[in-house]
Each structure stands twice: as C-alpha cells, then as structure tokens.
Amino acid sequence: MNLAFSEQALALSKELMKRYPEGKQKSALIPILHIAQAEFNGWLSSDAMDYVASVIGIKPIEVYEVASFYSMFNLKPVGKCVLEVCHTGPCAINGAEGLIAYLENKLNIKVGQTTTDGMFTLKAVECLGSCGSAPMLQCGVNYYENLTNEKADDLISKLKTENRLQAYTDIK
Amino acid sequence: MSRKILLEHIDVPGINTFETYRKMGGYRSVEKALKTMSPDDVVEEVKKSGMRGRGGAGFPTGMKWSFLAKPEGKPRYLVCNADESEPGTFKDRYLMEKIPHALIEGMITSSYALGAKTSYIYIRGEYFYVLRILEKAIAEAYANGFLGKNILGSGYDLDLYVHPGAGAYICGEETALLESLEGKRGNPRVKPPFPAIAGLYACPTVVNNVETIAAVAPIVNMGGDEYAKIGIGRSTGTKLISASGHINNPGIYEIELGLPVEEFIYSDKYCGGIKNGKRLKAVVAGGSSVPILPANLILKTANNEARLMSYESLSDGGFVSGTMLGSGGFIVYDEDSCIVRNTWNFSRFYHHESCGQCSPCREGTGWMEKVLHRIEYGHGKLSDIDLLVEVSKKIEGNTICPLGDAAAWPVASAIRHFREEFEWHINEAKLSQTRNFGLLAAHEAPVK
C-alpha cells in the first residue's frame with residue numbers, strides 16, 4: 001500500500017477528527033472519505049479505504065461497510081467528471097429523461113459507463129433537492145440547473161477545457 | 001396570507017454576510033435569550049408558539065424539546081437535520097444558501113435552550129457547496145463572539161460544526177442520521193429509546209429540521225404567543241413551500257399556514273398556474289411520500305370545503321380523500337402527466353433508498369418497482385393492481401422506520417384515485433408502450 005494523503009489533506013483530516021468528542025473520532029469517517037475520494041482520482045480502492053482506516057485508527061471493515069452504503073462513494077474507477085443527472089419525480093416530468101438520452105448520445109455511452117478517454121462518467125441519480133430547476137445535474141461540487149441541450153453542450157466543453165477531477169469537496 | 005418571517009430579508013443584498021444580517025436585526029434572539037431568559041424560558045416560548053416540526057412529521061417542537069432527558073454528567077446534543085432528500089423538497093437548501101445566518105442564529109438560541117455545548121448540522125453530501133457557505137457563516141459568528149467560549153459574556157459556551165453525509169435518503173430519518181454522524185451505515189435504530197434519552201453517542205439529543213431551527217429565532221424575538229397568532233388553528237406560523245412540476249413559477253414560497261391551495265396554485269404571487277395553459281391533473285402536496293390527490297380533491301375537501309395549506313386541512317378526509325402537509329414539497333402535475341409512470345418513478349426511488357434492514361421494505365419496495373415497471377411498459381395483468389395494494393399494505397406499519405410507509409403511500413394512493421389509468425395501461429398494453437394513456441409527451445419527455 002503506497003497511498004498517502006497530501007500534507008494538506010492529512011492536516012485537514014486530523015482537524016476534522018477534533019470536532020468530535022474524545023474516543024468518537026470515527027465520526028469523521030464520512031468527511032474523510034470525501035477527502036480520500038478527492039485525493040485518489042474520484043474513487044475509493046480497497047487500498048484507499050485501508051489508508052483511511054489507518055488515519056482514523058479504526059478497522060478496515062468499518063470503512064468498507066460505510067463506503068459501500070452511501071451513493072456518493074465510488075468503489076470503482078470513474079471519469080474525471082461524473083455527470084449525475086437527477087431523474088426522480090419532479091425532474092423526470094420536466095425533461096430529465098430527455099437530458100439523459102441526449103447526454104448518452106452525445107458522449108456515446110450509456111448510464112453507468114465512462115467515456116474511453118476517461119473524461120466523463122454518466123449517472124442517473126435520485127433526488128438532488130433541485131426540483132424547481134429541472135432538469136439538472138451535479139458534477140463535483142457544482143449544481144447545473146434548468147438545463148437545455150445547448151447548456152449541456154456548453155457544460156461539456158467547459159469541463160473538457162478544465163480537464164481536471166471534479167470533486168465534491170473543493171479542498172484541491 | 002403572504003406574511004414573510006424567515007424570508008423577510010431575502011432580497012437584501014449581502015444578507016448572506018454576518019454584517020448585513022446583523023444590521024437587519026439578526027442575532028437578536030441570541031442576545032435576548034442569553035441575557036434575559038433561562039433555557040427553560042426559551043423552551044416555554046417554543047411550546048407556546050405551537051410550532052410543529054417542519055421536516056415532515058409535524059410533531060410539536062416544544063413538546064419534543066421537553067422530552068429531552070437531563071441526567072447529570074452527560075452532555076446533551078442538538079443536531080440539525082439538513083439532509084433534505086424528500087423528492088419535491090428544496091426549501092432548506094434555499095434557506096441555508098441565501099440566509100445561512102438564520103440557521104446559525106437558530107442553532108445558537110436552540111442549543112442554549114437545550115443546554116447543548118456542542119451542536120452539529122448534518123447536511124446531505126450533495127449540498128457540499130452549501131456546507132462551504134455555512135462554514136463561512138459559522139466562522140463569522142465565531143469572529144463576532146456569537147460562538148465559542150462565554151458567548152456575549154453570558155458564561156455559555158457553544159461549538160457548532162457542519163457534517164456532510166454522502167448520499168442516502170434514509171439519513172433524513174433521525175436515528176439513521178445519528179448513526180451516520182457516528183460514522184456508520186445509515187440504518188435506523190429500533191425505538192425506544194428515543195434520541196431524547198439516548199441519541200448521539202448514547203447521550204440525550206434533539207434532532208430538528210433546518211426550517212424548524214431557523215424559526216426559533218423569530219419565535220423568541222416576538223414571543224410564542226404572538227407567533228401562535230399567525231397561521232390557522234393548530235397550524236401556527238409560516239411554512240416554506242417548495243413548488244415544482246408543471247407550474248409557471250417553480251421555486252420557494254413562504255406562506256402563512258391557512259392559505260387556500262387554489263390560490264397557491266393559481267395566483268401569480270405563487271405558482272402562477274399550470275404551465276402552457278394546461279389543466280391541473282394531480283398534486284403531491286408534501287413531498288413524494290404523501291398520498292397523491294387528483295385536482296378535485298386537492299382544491300376542495302370531500303365535504304366541498306376549500307382545501308387550505310395547513311396540517312389539518314390537507315389531512316382532512318384521512319387517506320381516503322386527504323393527504324399531508326409533510327415537508328411542503330408541492331409537486332404539480334398537468335393533464336398530460338402519466339400517473340403510472342410517476343408512481344413507478346417514486347417506487348424506484350424508495351427501492352433505491354431502502355437501507356435493507358427490514359424485509360418488508362427491502363423486498364416490498366423492489367416488488368412494487370418491478371410490478372409498476374411491467375404495467376408501465378405494457379406487460380401488466382389486471383391482478384397486478386390488487387397485488388400492488390396488497391404489497392403496499394404488507395410494508396406499511398411493519399418496518400423499523402417510516403421509509404416503509406413512505407414507499408407504500410404513494411402507490412396505494414395512486415391506485416385509490418387513478419385506478420382506471422392503471423387498468424388502461426394493462427388493457428391497452430400495446431398502446432401504453434407507445435402512447436401512454438394517449439399522451440405521447442410524458443414518454444418522450446423532450447428537453448425544453
């Protein structure tokens with residue numbers, strides 16, 4: 001296992017653990033897994049999870065069982081930009097299905113797949129709390145709302161130009 | 001009826017900063033509580049206000065607070081539930097993003113009332129950008145002496161932290177939220193004990209929704225009795241309503257409870273009527289979990305009285321002809337909407353979000369999704385309709401937490417009110433694959 005956090009990420013993790021009472025440092029697990037995902041290319045390998053366990057001082061299994069429960073943690077490699085289109089109720093009746101179809105066609109992948117250049121992963125996710133601005137998608141820390149095909153085109157070009165990992169946390 | 005309390009200063013430029021928020025009268029409730037009131041006085045005012053929890057269940061907040069155990073030598077916690085995930089609900093995000101200090105102020109005043117020295121805001125992971133906004137606001141509150149040691153010289157200490165989740169609807173259930181905050185899977189706990197006795201780290205804990213906590217500040221400022229005069233009957237105060245679906249003006253509206261539903265849907269001050277001049281077909285009034293009602297029953301009760309936006313009026317008629325105010329997630333469906341497809345969509349959501357602890361929910365939500373899928377795609381049988389009702393009944397009331405009920409109600413109510421539409425999908429199977437109750441649009445759902 002050769003993985004390690006950057007100095008900054010490690011310092012932040014130690015800081016986060018202090019937010020919880022003595023002996024309850026496991027509480028910082030989810031925040032630190034977010035950091036790990038941002039540090040390690042957008043997903044959590046078993047090495048990454050073992051490393052997080054060592055940072056907090058808990059057993060690896062305690063990390064696996066949590067990482068596998070929450071939908072924001074990727075346990076398999078993903079593209080630099082994960083496009084998460086909300087397809088629940090209010091979004092579904094206001095264009096989400098059309099947006100997903102458009103993105104599938106444009107990126108030449110299906111929901112759940114990653115483009116061959118490793119740039120984009122397309123996901124259909126459940127309610128993101130943006131029901132009044134449908135259709136919408138999340139990519140990293142950002143919400144992109146009231147989308148049209150044209151706006152989706154612009155977003156894809158922008159993300160291609162930025163060409164970086166879009167993480168939920170913006171510590172990088 | 002358009003009284004604004006929480007959103008009174010929403011349009012003031014810079015209201016997201018401490019300086020402007022303070023200038024507009026912010027943090028007065030902290031000063032009033034810490035300097036002139038005992039913690040129990042604050043609890044008393046909240047009780048008098050009659051405010052009911054704004055997260056969905058509608059339990060009186062003052063009463064919830066009074067259940068908090070106070071054993072010697074054990075810390076007590078206040079945890080804010082900012083895990084807003086109920087489909088159709090986006091009010092807490094709006095409030096936290098636009099006026100973060102409204103929540104921070106409410107957290108300080110409420111923590112004081114409950115005797116909490118450390119409080120947490122548990123926010124859904126997807127709202128990471130809102131978490132950053134809150135952290136900035138918290139830093140400002142610390143810098144101005146409203147958080148930390150000896151707040152305003154009162155001797156009261158409070159630390160406040162924001163904690164992200166990572167994508168799980170179930171963590172909106174308060175005991176699942178506490179499990180998650182402890183760094184575990186979001187599996188709801190068996191109750192009792194309730195969090196008021198054994199919550200976070202097995203210590204007495206109160207979990208309240210964002211809007212509930214934010215409303216504590218105006219309640220303390222104006223006094224519980226004054227607040228109780230706002231609204232109608234036992235539905236006191238104002239409520240943030242998230243309006244979405246086929247309406248002209250989707251967004252967040254603060255309404256005085258008691259506003260007629262018809263006015264809310266058709267007035268230009270609110271939803272502004274149905275988009276593209278179409279007719280109203282149905283409404284889900286309080287987030288995806290509450291029963292869907294057809295147009296006639298959402299506008300008027302079964303007794304032909306105007307339906308109001310209040311806890312009592314929306315639930316008038318029980319589940320036979322009524323629904324619930326819930327979280328205030330108000331989803332409007334126009335005449336072209338496909339109820340079967342919408343019900344399948346919601347079932348998929350609950351199946352995805354079931355934590356898997358209780359078999360009726362874990363298996364039942366999966367079955368409902370499958371059966372609804374086959375009806376929607378033209379492979380259903382007429383017996384499927386009763387099968388769905390039966391499965392929903394086997395889930396309801398048979399699970400540790402209310403997610404089971406939340407999954408069952410939308411299915412049962414859709415069949416109760418729109419049975420002929422389900423039958424059409426089955427009888428006209430070929431057509432339903434292409435024409436969806438004669439409505440092409442709902443299936444193609446073109447991007448605007």
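How many residues of chain B are in contact with chain A? In this predicted model, where local features need pLDDT of at least 70, side-chain atom pairs count only at pLDDT 80 or more, and totals for chains, interfaces and linings use all residues, 49 residues of chain B are in contact with 45 residues of chain A. Two residues are in contact if their C-beta atoms, placed from the backbone, lie within 7 Å. Residues are numbered from 1 along each chain as its sequence is written, while chains are lettered from A and ligands numbered from 1 in the order in which they are written.

On the side of chain B that touches chain A, at least two residues each come from α7 (128-143), β3 (159-164), α8 (174-181), β7 (238-245), β13 (329-334) and α15 (339-353) of chain B. Helices (H or I, at least four residues) and strands (E, at least two) are DSSP runs, numbered from the N terminus. The most is given by α15(B), with six residues.

Chain A holds seven helices and four strands, in the order α-α-α-α-β-α-α-β-β-β-α from the N terminus. Its radius of gyration, taken over C-alpha atoms, is 17 Å, close to the 16 Å of the globule rule (2.2 Å times the number of residues to the power 0.38) for 172 residues, so chain A is as compact as a globular protein of that length. The C-alpha atoms of chain A fill a box of roughly 50 × 30 × 25 Å along the principal axes. Among contacts in chain A between residues at least 6 apart in sequence, 62% join residues at least 24 apart.
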